[in-house]
Amino acid sequence: MAVDTSRPFGERLEATTDRYLDRLDNCVTALPTLVEEYSTDAGYGSTVDRIQSIESDCDELKLALGKLVTTADAKEVGLRLTWVHLHADRMLELYGHLDTIANVSEQFAEELAAIAPKRVDDCLDGIARMAELAVAAMAELGVVVREFVRTLCRPEYSASITQGVSAIRAFEGDSDAVRTRVLETAFDREHDATAVAYRQLAVLLDGVLDAMEDVTDQMHLMTGPDTWLDIEIYPEYHY
């Protein structure tokens, strides 16, 4: 997936990030479909294949973003984006945390297909709920990351993403609660391979939301005292 080199650096960074986030959203939004198809004993192999294909697209776009960030020189990025040039490692960590979302989504799909646990309705209902929470959190994350990158690239732009970040953290907390209920349900019925399988699947899905929260933490770390980013990440707390 080639990156257009005819436009200024900031425009290319925004556009490539948008493409990456679109594919990442497609990866996460396929999870509820996969769980529903498995729950109803429908053919789900094509959805697993689609998630794997999207994850490969995300890998290619992550490489393109890494090349864009690390090969641009100070003259190309200009004064406003000198921070990106000097702190390319922080940008790479940000995109690395995003890539974890695609990786864990793919792992969940592959392990569901490989393990194929006995269908336990209560457990699958919880897994389905976790997948829905992942989709909701990803919708917020897409907005949050786009706003963050715009703030990096546009001198006149400032933003507050506290509402989106707070929503992501709330969804992650809800996912933790559902995961616990899935584990309690699975091990209350039986202590065999089926219970262990649902534990693994629940932990993986929860890992998708954990990775989203890690993205917001990374953005917070990127707005320390040595930066000029005019953006609010976390709400202010008054003690």
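Helices α2 and α5 are roughly antiparallel to each other, because they pack at an angle of about 170 degrees; an angle over 145 degrees counts as roughly antiparallel, under 35 as roughly parallel, 65 to 115 as roughly perpendicular and the rest as oblique. Their axes are 10 Å apart. Here an axis is a line fitted to C-alpha atoms, for helices over the stretch in contact, and angles run from 0 to 180 degrees between N-to-C directions. Two packed helices are described by the angle between their axes and the distance between the axes. The contact of α2 with α5 is made up of 12 nonpolar, six polar and six charged residues. In this grouping, Ala, Val, Leu, Ile, Met, Phe, Trp, Tyr, Cys and Pro are nonpolar, Asp, Glu, Lys and Arg are charged, and the others, Gly among them, are polar.

A word on the model: it is predicted, so local features need pLDDT of at least 70 and side-chain atom pairs count only at pLDDT 80 or more, while totals for chains, interfaces and linings use all residues. Residues are numbered from 1 along each chain as its sequence is written, and side-chain values use heavy atoms, with hydrogens and water left out.

Sorted by class, the contact of α5 with α8 holds 17 nonpolar, seven polar and four charged residues.

How far apart are the end C-alpha atoms of α5? They are 40 Å apart, which agrees with the 40 Å that its 28 residues should span at 1.5 Å a residue; the expected span is 1.5 Å times one less than the number of residues.

**The whole chain**

Let us step back. The chain has eight helices and two strands, and along the sequence they follow the pattern α-α-α-α-α-α-β-α-α-β. Helices (H or I, at least four residues) and strands (E, at least two) are DSSP runs, numbered from the N terminus. Of the 239 residues, 46% count as buried. Buried means under 20% relative accessible area, exposed means over 50%, and partly exposed is in between, with a 1.4 Å probe and protein chains only. Among contacts between residues at least 6 apart in sequence, 82% join residues at least 24 apart; a contact means heavy atoms within 4.5 Å.

**The nonpolar core**

A nonpolar core is a set of buried Ala, Val, Leu, Ile, Met, Phe, Trp, Tyr and Cys residues joined through side-chain atoms within 4.5 Å. The largest one here has 69 residues, and L13, L98, I101, F108 and M212 have the most contacts inside it. At least two residues each come from α1 (9-39), α2 (45-71), α5, α6 (121-153), α7 (162-189) and α8. Which helix gives the largest share of this core? That is α6, with 16 residues. Leaving aside neighbours within four places in sequence, M212 is in contact with V28, I101, A134, A137, M138, L141 and I168.

| Residue | Location | Relative accessibility | Contacts |
|---|---|---|---|
| Y20 | helix α1 | 0% | C58, L61, K62, L65, Y95, L98, D99 |
| R146 | helix α6 | 19% | D18, L21, D22 |
| I233 | segment after β2 (231-232) | 3% | F148, I161, T162, V165, T216, M219, H220, T223 |

Y20 and C58 are 38 residues apart along the chain, with their C-alpha atoms separated by 6.1 Å. For I233 and S166, 67 residues apart along the chain, the C-alpha separation is 9.1 Å.

**Two positive phi angles**

Most residues other than glycine have a negative phi, and most peptide bonds are trans. D41 is not a glycine, yet its phi is positive, about 60 degrees. D41 lies in the loop between α1 and α2, and with a relative accessible area of 57% it is exposed. A116 follows α5 and has a positive phi near 45 degrees, again in a residue other than glycine. Where does A116 lie? It is in the loop between α5 and α6, and at 36% relative accessible area A116 is partly exposed.
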